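Here are some exercises to work through with the model open beside you. Try each task first, then follow the solution step by step.

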Number of protein chains: 2
Amino acid sequence: MREVAVVGVGCTRFGELWNRSLRDLVVEAGIEALEDCGVGGEEIDALFVGNMSSGQFTKQEHIGCLIADYAGLASFHIPSVRVEGACASGGLAMHQAFLAVASGYYDVVVAAGVEKMTDVSTEDATDALAAASDREWEGFAGATFPGLYAMIARLHMHRYGTTREQLALVSVKNHANAVHNPKAQYRRNVSVEDVLNSPIVADPLRVLDCSPITDGAAAVVLAPLDIASEYTDTPIRVKASACATSTISLHDREDITTLDATKEAAKRAYSMAHISPADVDIAEVHDCFTIAEICAIEDLGFCAKGEGGKMTEDGETEIGGKIPVNTSGGLKACGHPVGATGIKQIVEVVQQLRGEAGKRQVDGAELALTHNVGGSGGTAVVHILSR
Amino acid sequence: MREVAVVGVGCTRFGELWNRSLRDLVVEAGIEALEDCGVGGEEIDALFVGNMSSGQFTKQEHIGCLIADYAGLASFHIPSVRVEGACASGGLAMHQAFLAVASGYYDVVVAAGVEKMTDVSTEDATDALAAASDREWEGFAGATFPGLYAMIARLHMHRYGTTREQLALVSVKNHANAVHNPKAQYRRNVSVEDVLNSPIVADPLRVLDCSPITDGAAAVVLAPLDIASEYTDTPIRVKASACATSTISLHDREDITTLDATKEAAKRAYSMAHISPADVDIAEVHDCFTIAEICAIEDLGFCAKGEGGKMTEDGETEIGGKIPVNTSGGLKACGHPVGATGIKQIVEVVQQLRGEAGKRQVDGAELALTHNVGGSGGTAVVHILSR
């Protein structure tokens, strides 16, 4: 396999972007990524687009083709493919793009992610997102994603003594990080009291424990490592790209507080990169709900099982802490356009590794991990990148 | 890149399968493919699932994970990804699976395709399929796929003198082939008169010019060529796998009677396989409408532009003719579960190249081509396989 590098990154503002369509968003992110590395449209060999549900959200499928066309690439006839794995669609698109370059078949490829979620009502969006669970055994029985993660939270609190305040501190930290991210949906601080007093969604989770509904897109340009310096002075190496699945339904898991797909994808990624969790300097993890970040830092091996709440409370995941987590603001505060999230995570760590993250910069970050989850843990994707 | 072979194939019966769900169908096809080559679940390294629109058809996304789970593979945590490019989703899944093995990252992978289309009304299915066109510029303006292909047919007839009877002969041939395919949806002969007297759908296309709405799934097992003989006595080599896009909308094409994505994907595939169109012994092409097969055999280079109708009338695409086309019965008569079609095409040519196609066997077939299209030609995928 050839070694692969990220040479360019781009990202739209995340938010409720009423005046922008799906195609506008992804083209904007793509152009920013291409300009970042001086790559012209005629140099792109293939496009991989992560997207969960443009069919349900906008009644549009075939968006690989649509996006290549609206990006002005139709005359080059570039291969373009949509990749889907619920909220892990972006991470999976990155994996496909990695394989495409690693194989030697394609040289310069774009991995993009996009979701346009605000063209439907909040109720319809929640229903569309429930398509990431097992519709027949979870969705039709009334389980929504806040409900599924609330069950995880409740058991985690019961079993490990994780407190309501520790959950809130995830949100507080991620909002604080988002203040310094110009692309973030919510650039404002929240307090523990704000979280605890926000409306209940699914006990014990409240509004400020939940990632929002978001429009947005992100894109990265990949190239073989040995020619990456033609495109950028600061190529970022993709040291590992690994995926894993588990049962789609929560009720089929042995232990719902452990996302075994995360553990397995992380194990494969650490092995591929020849590193251990202690070597990771920064991480973007899948905090679709506050409890999800606590499970993630445990399952990724940053702390022992059950210690995620305490690790958060001790400030070890803050910028300046042992392993800064979600410097972008995470899904919670940067926003969660579901198909775009996995790519936005790559954009964030690339900016950190380049030293271009502005006021949220983690000094000396050399090794970064991204962690993207589909559903309640049915799919997990882990990437490890280095300077 | 490593060389890649198909070592196992499986396919469900195609049809209106009221008593089977999406997950049932793909698991059945997968098991048949695994049993075909004696591969156990624990040996599978990754799964790629082609599917156009499970979200619109069954309100279920995340089917990569769902299928891995229901196939009993959750405990192996295998990576599983859904790949989408409208009706070319199956072909694109095959391409991703090819890249996965060629890269050296994965060894034994399954490429599957599935669509469950009969859980919604015919009107809703037609609307869901319109998501493969540009919803904003074609769908909302009232264009359906029969309407788009009817325009192609009308211009082809006007410009090249293609006759209504020649269109009908595509359907007659494909129905005749389907009679001998136990997996086909319509195992009955139709006459030119039957086609010409069938109800009009979009002038000049009639019901018997159109592929049906179908439930079905297909699966193939890929492995590196150098170890393929561990799994089968008759490995089929994947000599080329190539994709291309064009404009998603018909009105943006220079010439709507030419699918330039087909021409470009074919050019890339012929170059990769070091062959010319004249070397091809059999082909499965994307006959979503009768006119589509005529355009396909022209754009693939089997005859000159404008000669597709005559080539059909002369019997050159029949079994026994110069290049037998759609020995499976094609999309028209075998059926068209949109995400499964691209994989079913691979299954058919593998059976032909192995000499296992029963009464529809083409004697001495050594080199086969498959051609899968998304939308009205926005995406095309071409594979070339050999004994």
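**Exercise 1. Find how many residues of domain 1 of chain A are in contact with domain 2 of chain A, and which elements contribute.**

Step 1. Between the two domains of chain A, 38 residues of domain 1 are in contact with 34 residues of domain 2; two residues are in contact if their C-beta atoms, placed from the backbone, lie within 7 Å. This is a predicted model, in which local features need pLDDT of at least 70 and side-chain atom pairs count only at pLDDT 80 or more, while totals for chains, interfaces and linings use all residues. Residues are numbered from 1 along each chain as its sequence is written, and chains are lettered from A and ligands numbered from 1 in the order in which they are written.

Step 2. On the domain 1 side, β1 (4–11), α4, β4 (109–115) and β7 (216–224) of chain A each give two or more residues. Helices (H or I, at least four residues) and strands (E, at least two) are DSSP runs, numbered from the N terminus.

Step 3. The most comes from α4(A), with eight residues.

Step 4. By class, this side of domain 1 has 21 nonpolar, 14 polar and three charged residues. Here Ala, Val, Leu, Ile, Met, Phe, Trp, Tyr, Cys and Pro count as nonpolar, Asp, Glu, Lys and Arg as charged, and the others, Gly among them, as polar.

Step 5. To place the domains, take 4–121 + 214–236 as domain 1 and 131–211 + 239–386 as domain 2 of chain A, with bounds from an automatic or database domain assignment. Their C-alpha centres lie 23 Å apart.

**Exercise 2. Describe how α4(A) packs with α14(A).**

Step 1. Helix α14 of chain A covers residues 341–354, and α4(A) packs with it at an angle of about 65 degrees, the axes being 5 Å apart. Axes are lines fitted to C-alpha atoms, for helices over the stretch in contact, and angles run from 0 to 180 degrees between N-to-C directions.

Step 2. That angle makes α4(A) roughly perpendicular to α14(A) (under 35 degrees counts as roughly parallel, over 145 as roughly antiparallel, 65 to 115 as roughly perpendicular and the rest as oblique).

Step 3. From α4(A), Ser89(A), Gly90(A), Gly91(A), Ala93(A) and Met94(A) meet Thr341(A), Gly342(A), Ile343(A) and Ile346(A) of α14(A). The contact has four nonpolar, five polar and no charged residues.

**Exercise 3. Work out how chain A meets chain B.**

Step 1. Each chain brings residues to the contact: 50 from chain A and 50 from chain B.

Step 2. On the chain A side, elements giving two or more residues include α2 (54–58), α3 (63–70), β3 (80–84) and α10 (260–273). The residues of that side divide into 22 nonpolar, 19 polar and nine charged.

Step 3. Three bridges join β3(A) to β3 (residues 80–84) of chain B, and the strands run antiparallel (two strands pair if DSSP finds at least two bridges between them). Arg82(A) has Glu84(B) as its bridge partner.

**Exercise 4. Decide whether Pro199(A) is buried or exposed.**

Step 1. Look in the loop between α9 (192–197) and β5 (200–202) of chain A.

Step 2. Pro199(A) counts as exposed because it has 7 C-beta neighbours inside 10 Å. A residue is buried if 20 or more other C-beta atoms lie within 10 Å of its own, exposed if 12 or fewer, and partly exposed in between, with C-beta atoms placed from the backbone.

Step 3. Not counting residues up to four places away in sequence, Pro199(A) touches Arg206(A) and Val207(A).
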